[in-house]
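Trainee: I would like to go through the terms used for this model and see what each one rests on.
Mentor: Go ahead, one term at a time.

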Amino acid sequence: MNRFKFLWNIAIRDSRKNRSKLLLFMSSIILGVAALVAINSFNYNLRKEINKEAATLLGADLSATSNRPMDSTMMNILDSLPGEKAREMEMMSMSYIPKTDETQFVRLKALEGDYPFYGKIKTIPSEAAQTYKTGRSALVDESLMLQHGLREGDSIKVGKTTFEIKGKLSGAIGSVGAMSSVAPVIYINMSDIDSTGLIQPGSLINYSYYFKVPSSLNMDDWKAKRKTQFRSDNVRLETIEDRKENLNRAFSFLNYFLNLVAIVALLLGCLGVASSVLIYVKSKTNSIALLRCLGMKPWDAFLVYFIQITFLGTIGVLIGIGFGVIIQSALPVLMADFLPVSIQMAVSPRAILEGLIVGISVTTLFSLIPLISIRNISPLRTLRLSLDETSDQRDWLKMGLYIAIILVLTIYLWVLTSSILAALGFVVGIVISYLLLSGFAFLVIKILKNSIPSSAGFVVKQGLSNLFRPDNQTQTIMVTLGMGTAVLTTLLILQSILLNNVSLMDSGKQPNMILYGIETNQMTELKSLTESYKLPILQQVPVVTMKIDGWKGKSKAQWLADSTMTAERWAVNREARVTYRDTISEDETLVEGSLKRYRNASDSIFVSLGTTFAEALDVKVGDEIVFNVQGTRMVTYVGSLREIEFRNLSTRFFIVFPNGILEQAPQFQVLVTKTPDNATMANYRGAVVKAFPNVSVIDLTTILQSVNDILKKVSFIIQFMAIFSLLTGLIVLISSLTLSKYQRLKESILLRTIGASRAQIIKINATEYTFLGVLSALTGVGIALIASFILTKVQLKLDFDISWWIVMSILFGLVLITVVIGMFNSRDVVSNPPLEVLRKENG
Amino acid sequence: MSPILEVENLIMSYQSGSKTLTVLQDINIVIHEGETVAITGPSGSGKTTLMGLCAALDNPTSGDIKLLGNAVKPLSEDQRAQLRNKFIGFIFQNFQLLPSLTALENVMLPLELQGIKGAEEDAKKLLERVGLKDRMTHYPTQLSGGEQQRVALARAFINKPKILFADEPTGNLDGDTGATVESLMFDLNKDFGTTLIIVTHNPELAAKTGRTIQLKSGHVVADVKNIVQNTAN
């Protein structure tokens, strides 16, 4: 106990004139832990709210949803449920606003019954949630009303029917704000849906049934028994528990992203911890040597500084937790548009505990790397300042520490991502980056040593030589700086790729408008309307809906009962929208077989499948597929496979029949065109909606604007969160450069003493820091390019189309910051007399 | 008097690239309790290396050193630290005070390391003895070179060392200040009955000791008793 008291006293005494030197260390911890606690707190609160609000988010004990009317067998089963029942039909449609003579893409919901049974439809005025059920009335999304200056009592036309607006819809059930900005919601009565004329064969409609059952009935058990039967008929059942799971799964992407930011901030914080403690230990070497000389045992000397660092580290962690709690209250506000529930600003004990444990363990481990070298500081340094303590012997303790760090990181990432593979992948990525960076630094030092031209001036030679002289920090700086750059650049590149890919969809001659659900007899008139606006008809396609009855010699029911079925359910159960033609479209490439024509009734029918669909159904060229074309069984064979490009807006079909078979089947038409500007688009869209109320107009420009708005919001969140990483990155940069300051300080003072001018010292330092900045930035950006290329191609499956100006800005900016911080660090040397600087540094 | 330091067949060499640089060659010295010895020689003759080895700060390439009857070579780092802490005092050319500790705390340090209570009283007495009664709470940067070396002297004697190693103790001081420090060092040495080993270039300082060992190129070239004795000795 006495020994500890003594060590504690020494630790406190020793630190009192040096606490400012540990400011970088504290800042690294505070930022890293603050990010971790804020993000985890937010995540846990989100999960808690979702679990709490799941019943009101579903609005019922059970929902049954299908993209076609349910057959009588299914309906009988559902009708046998005791309790209350409600029905909803949902579709996308264009609406017309007479007050402003404008059109608007909307999500139309027709309701019957007292749905929601839990929670309520939030309206202004509140009674509108009931009054809209009488007469031809509607509830209209708040954003739509605001956008078009609509008030209660105004009207809106959907399809052929005009509805009176009874109130503003301030919260639809289970919807997410950002989604409603793509297509605002309108609620109408089920009894009015037929009058709109929007219900036609082939219309894209979702049919939902909602049930409130007595609490004695366990809906999860009920569902488990009937799940397969409903699934085979393409009916999706959802209970409150399912909704919880689905929402948590849907937000797992947000979780992953936020976790990634937290990990990045934490890792950069760790680098900051390691390099700032290294600086501290270096500045303390003489004191440590003296303590050793006076008889302090090696491990006691280590403990003195370990106590200091752990004590301050714990304070840093606690401050970080405090900041984290404050910041987490800002996250729900930032993300309000993306969340299905409003999040209470509650302190999450779990997040705080995790912050405390992870913060202290990671801080301890990373600071131990420089700290354990204290035990090797020789007391002989008191006699010889230039003592070389490098040893050929491997420091097994240090190796053990590296392994412990990797283990702790892996375990933490495992807990965070719930996936050992993801955790290992991340850790392996970090280790590879580290090896790449230190390997490159080693190579640079090696090359520099032998390649500085003798003709180079003194200043350049001196500046470059600093990079490989004894005790150089080139490798450390390149690793820390490069790692920080790699992480931040990857984030920025991915963000720009996502935005680029979206805006590409609306460029050049790409179609930007699809007219859907056109009745065959409306086509001639619609074409002439389109031509009157001088718009090109880029595609005119017939669409027939059908289901799959069987494939490869077995019926669908047989396959579904077969546990060895390899086909994916989405492919099996979908209501297929099929076209017929004998040619390949511009967006397609034939990869196998050929498009076989159908000449007469004795010919077999060869269909062409999209490769994705063929893989999902697990069929090859030559395999049999049986379709049910609105009651008629049709045996076909796979004749060819097509690779379909999904880049732009146009019609694409997984299944294409040859001409001559489906012409007489009930069908509707699709027309694709390109409008040159927003004004023409608005006028044309208005004319179509007025003349053909049943036709759905999908307008890419409006959708893209909405998507851009969403992405802007996402970008803002990314940038907000990236501030953590940027700040910690900056601290790492300052720490790394301060490391080199200690190496260069005495050298610069000596140069000043023997007559070097200020300008020469500045130029020498500028040369060194510019070279360091360029090399680190190049390596970091190189790694970021490789990482983002892999992520873009493998994970996002997008084109690697990056904005090079971002890369160039990062390169240039980083070099500039490196030089500025480097020069700022050495300002003392150039602006003060040498002796004054020495005295200050030694004090 | 019994030997306090025995150096036998001592060789010290360093690896410099592919070459081996021998700094000390076959050194044999015996120093007895209470002796005052100066180790002199030109720069690079191996004086400081010899002192570092004798004070158990480093390991020789070969040969043996016995300090206070204990062979140094087999001792662990912890045991050496304990040996230094209990029985050895140090004075350095560049004072070597801990910058973040006050004068008093610097002096107390060796006793605190031993876990001895009442270190503060002893330290205060010693600081008073070296004339720094009013400077006890000052930090090293607030003291002059001479004052810093006087603090170092107080620290060196606080553990009542058996043997004191001084590396150019007046090398960084002007003539008058150096003389004051010298005088204090010899006085304290006499009071505490310490064996004193001084590494110095200064022949006048060397002459004040009882014996001079002269090194040249790593060899002992002379080991003589000084005829003129310092009055303090």
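Trainee: What share of the contacts in chain B with a separation of 6 or more is between residues 24 or more positions apart?
Mentor: In this predicted model, such residues account for 67% of those contacts. Contact here requires heavy atoms within 4.5 Å.

Trainee: How many helices and strands does chain B have, and how much of chain B is buried?
Mentor: Chain B has 7 helices and 10 strands. Of its 233 residues, 54% are buried.

Trainee: Why is A:Arg375 called buried?
Mentor: Its relative accessibility is 18%, and buried means under 20%, so A:Arg375 counts as buried. A:Arg375 sits in the loop between α14 (349-371) and α15 (396-417) of chain A.

Trainee: What makes the pair A:Arg375 and A:Ile372 a polar contact?
Mentor: A polar atom of the A:Arg375 side chain lies 2.8 Å from the backbone oxygen of A:Ile372. The limit is 3.5 Å, so the pair is within it. Beyond four places in sequence, A:Arg375 is in contact with A:Pro298, A:Trp299, A:Asp395 and A:Leu397.

Trainee: What is the volume of the largest cavity, and which residues are closest to its centre?
Mentor: The volume is about 70 Å³. Of the 13 lining residues, the closest to the centre are A:Ile29, A:Leu266, A:Cys270, A:Val362 and A:Thr363. The largest share of the lining, 5 residues, comes from α14(A).

Trainee: How is the lining of the largest cavity divided by class?
Mentor: The lining has 8 nonpolar, 5 polar and no charged residues.

Technical notes:
Residues are numbered from 1 along each chain as its sequence is written. Chains are lettered from A and ligands numbered from 1 in the order in which they are written. This is a predicted model: local features need pLDDT of at least 70, side-chain atom pairs count only at pLDDT 80 or more; totals for chains, interfaces and linings use all residues. Side-chain values use heavy atoms; hydrogens and water are left out. Helices (H or I, at least four residues) and strands (E, at least two) are DSSP runs, numbered from the N terminus. Buried means under 20% relative accessible area, exposed over 50%, partly exposed in between (1.4 Å probe, protein chains only). A polar contact is a pair of N or O atoms within 3.5 Å; within protein, one must be able to donate a hydrogen and the other to accept it, and residues adjacent in sequence count only if both atoms are side-chain atoms. On a 1 Å grid over the protein atoms alone, a cavity is a set of points where a 1.4 Å probe fits but cannot get out, and a pocket is an open set with protein on both sides within 12 Å along at least five of seven lines; lining residues have an atom within 4 Å of a point. Grid points are joined across faces, edges and corners, and a volume is the space filled by probe spheres set on the points. Ala, Val, Leu, Ile, Met, Phe, Trp, Tyr, Cys and Pro count as nonpolar, Asp, Glu, Lys and Arg as charged, and the others, Gly among them, as polar.
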